[in-house]
Amino acid sequence: MELIFATNNRHKIDEIRPLLPAAIKLRTLREAGIEQDIPEPHPSLEENAREKSIVIYNLVKTNCFSEDTGLEVRALNGAPGVKSARYAGENAVPEQNIQKLLAALQNEKDRSARFRTVISLILNGKEYQFEGICEGRISETPSGISGFGYDPVFIPDGATQCFAEMSLEEKQVFSHRRKATDQLVDFLLEEATKL
Ligand code: IMP
């Protein structure tokens, strides 16, 4: 089965590609020759993920999926959430988002947070969603150089290191994205048995 992953985010591709069985041939937007800016205008991860997959499906009429991820911090009532990429401004770089987050939590005892990933799959014109959650907490200071985004300040429950201090394989043990992708794979394998 061929599936387009509606992203050009190298980190997301590196995390998801090794989780797929060989029978699923993944193509990124670039590999599919699609140069399209996909909007994320909605107030929820679910709606943004759906928008991305539908835009691409309508363009190429090929089975595809997208994912949208947010960091939800309890003391900030779920912020930055769907706005995680733009937390410190429209063109913010990860370091700026992290600095804003650490400042917002400066006098906060409750540093609990979670990553939530929503995958939207369009299979033969029908949409299905899968969710993966990783509970954890925000560290006092950034550390590590692996991964991307908020990885330098996110310590998953059950770990002593933040994501950016882990190898890809270690991050996958805890990862919200891995959990959502596992569900996607289980669903696709189940669907394949019905053919
Ligand atoms: P989006 O899903 O590309 O919209 O990402 C939202 C924001 O969350 C961006 O700032 C990403 O860098 C960040 N982000 C998404 N997934 C992860 C992750 O697995 N670790 C750390 N940051 C992430």
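A residue counts as exposed when its relative accessible area is over 50% and as buried when that area is under 20%. Lys61 has a relative accessibility of 55%, so Lys61 is exposed. The model in which this value was computed is a predicted one.

Lys61 lies in the loop that runs between helix H2 (45-60) and strand S3. Its phi angle is near 55°, which is a positive value in a residue other than glycine. A second residue of this kind is Asn77, whose phi is also near 55° and positive, again in a residue other than glycine. Asn77 belongs to the loop between S3 and S4. With a relative accessible area of 76%, Asn77 is over the 50% cut-off and is therefore exposed. The C-alpha atom of Asn77 is separated by 25 Å from that of Glu51, and the two residues are 26 apart along the chain.

Ala79 and Pro80 are joined by a cis peptide bond, with omega at about -5°. Pro80 is found in strand S4, which covers residues 80-81.

Is Ser66 buried or exposed? Ser66 is placed in strand S3. Its relative accessibility is 0%, which is under 20%, so Ser66 counts as buried. A polar atom of the Ser66 side chain lies 2.6 Å from the backbone oxygen of Ala49. The buried side of the cut-off also takes in Ile4, because its relative accessible area is 1%. Ile4 has its place in strand S1, made up of residues 2-5. Between the C-alpha atoms of Ile4 and Ile24 the separation is 10.0 Å, and these residues are 20 apart along the chain.

The ligand comes next. The space that the ligand takes is the largest pocket. How many residues surround the ligand? There are 15, and the closest are Lys12, Asp151, Lys171, His176 and Arg177. Sorted by class, the shell around the ligand holds seven charged residues, four polar residues and four nonpolar residues.

Two elements, strand S3 (64-73) and helix H5 (176-193), each supply at least two residues of this shell. The largest share comes from S3, with three residues. Strand S3 is also the strand in which Ser66 is placed.

Some of the pairs of polar atoms between protein and ligand can be followed one at a time. Asp151, one of the closest residues, has a polar side-chain atom 2.6 Å from a nitrogen atom of the ligand. For Tyr150 the backbone is involved: one of its N or O atoms lies 3.0 Å from a nitrogen atom of the ligand. Thr69 also takes part through its backbone, with a polar atom 3.0 Å from an oxygen atom of the ligand. Taken alone, the ligand exposes 480 Å², and the protein buries 91% of that area.

Technical notes
Residues numbered from 1 in each chain as written. Predicted model: local features only at pLDDT ≥ 70, side-chain atom pairs only at ≥ 80, totals over all residues. Heavy atoms only, no water. Near = heavy atom within 4 Å. Polar contact = N/O pair within 3.5 Å; in protein donor to acceptor, adjacent residues only side chain to side chain. Areas by Shrake-Rupley, 256 points an atom, 1.4 Å probe, with all protein chains shown as cover. 1 Å grid on protein atoms, 1.4 Å probe; cavity = no way out; pocket = protein on both sides within 12 Å on 5 of 7 lines; lining within 4 Å. Sits in = over half its atoms within 2 Å of the grid points. Helix = DSSP H or I, 4+ residues; strand = E, 2+ residues; numbered from the N terminus. Nonpolar A, V, L, I, M, F, W, Y, C, P; charged D, E, K, R; others polar. Buried < 20%, exposed > 50% of the residue type's maximum accessible area, 1.4 Å probe, protein only.
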